[in-house]
Amino acid sequence: MGFPGDVLSGPGYRQDRHDRPAAPARSAARRFAWVPIRSLAPRHRSRILAHLLALDDHDRYLRFGQVTSDDRIRQYVESLDFDRDEVFGIFNRRLQLIAVAHLAYEPAPQRPGQPAMAEFGVSVSKEARGRGFGARLFERAVIHARNRKIDTLYIHALSENTAMLKIARKAGAIVERDGSEAQAYLRLPPDTLGTRVEQLFERQAAEVDYQLKRHAQRFAKLLEGIAEVRANVGTHRISGLE
């Protein structure tokens, strides 16, 4: 399979654009369907918490592999180690988190004699599903894991979590089932100049996108305030004429 970030080292990169083979229309459309994925920090804990608390019982069950109460979710959010791990999110125009991914770097190997792996987990709000956000977050996790010299990406999921397992299989992961649970292992190639440039570009572009949304939200609130003032002034004028 082709991994994200390999475009700079891929065949045909240094060829003239007229000499390169034409890419399928579907691939071209996917390439330009950019999704701004922002790295999250401790200041985003409240937004992460709001996103996870909005998940219904079944979605929580799929995300965490067990029935998860509000208190347990709060404990999970408070335990996030932003220095060690990486947390990514997708914001809508109202600056609400509609998808969150957690890439956890465990210090000890999960399998004896094997290098330490990074574990991937993701959740997407109901209203944002069907847009490929889970797959995009997975691609971002692959890039970051490769750039941190991680050999294998690991996913622990319930067997009924077909959406997550489909993303893993499509990426080329080996899925091992054990009753109601499944583990997916994706071997990662080494990092390249392409993966490092892509990570840098994506981070900067997502930050610009977030700030634009933030300013647009502030401007909308300003317009609402002006409209409210005008409405109040009009009401007072009418009252004075009566």
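Guide: Start with a helix pair. Helix 3 and helix 4 (residues 70-79) pack at an angle of about 40 degrees, and their axes lie 12 Å apart. Axes here are lines fitted to C-alpha atoms, for helices over the stretch in contact, and angles run from 0 to 180 degrees between N-to-C directions. Helix 3 and helix 4 are therefore oblique to each other. The cut-offs are these: angles under 35 degrees count as roughly parallel, over 145 as roughly antiparallel, 65 to 115 as roughly perpendicular, and the rest as oblique. The crossing of helix 3 and helix 4 is left-handed. A crossing is left-handed if the near helix is turned anticlockwise from the far one by less than a right angle, and right-handed if clockwise.

A word on the source. This is a predicted model, where local features need pLDDT of at least 70 and side-chain atom pairs count only at pLDDT 80 or more, while totals for chains, interfaces and linings use all residues. Residues are numbered from 1 along each chain as its sequence is written, and side-chain values use heavy atoms, with hydrogens and water left out.

Now the contacts, meaning heavy atoms within 4.5 Å. From helix 3, R60, R63 and F64 meet D70, I73 and Y76 of helix 4. Helices (H or I, at least four residues) and strands (E, at least two) are DSSP runs, numbered from the N terminus.

Helix 4 has another partner. Helix 2 (residues 45-53) packs with helix 4 at about 150 degrees, with the axes 10 Å apart. That makes helix 2 roughly antiparallel to helix 4. Their crossing is right-handed. Here R45, I48, L49, L52 and L53 of helix 2 meet D70, I73, R74, Y76, V77, E78 and S79 of helix 4.

Two strands pair if DSSP finds at least two bridges between them. Strand 6 and strand 7 (residues 181-187) pair in the antiparallel sense over 5 bridges. There V175 stands opposite A184 in strand 7.

Then the interior. A nonpolar core is a set of buried Ala, Val, Leu, Ile, Met, Phe, Trp, Tyr and Cys residues joined through side-chain atoms within 4.5 Å. Buried means under 20% relative accessible area, exposed over 50%, partly exposed in between (1.4 Å probe, protein chains only). The largest core holds 34 residues, and L103, F120, L137, F138 and L153 touch the most other members. Helix 5 (133-147) is among the elements that give two or more residues to this core. The largest share, 6 residues, comes from helix 5. Apart from this core lies another, of 15 residues, among them I48, I73, Y76 and L80.

Last, the whole. The protein has 7 helices and 7 strands. Of its 242 residues, 40% count as buried.
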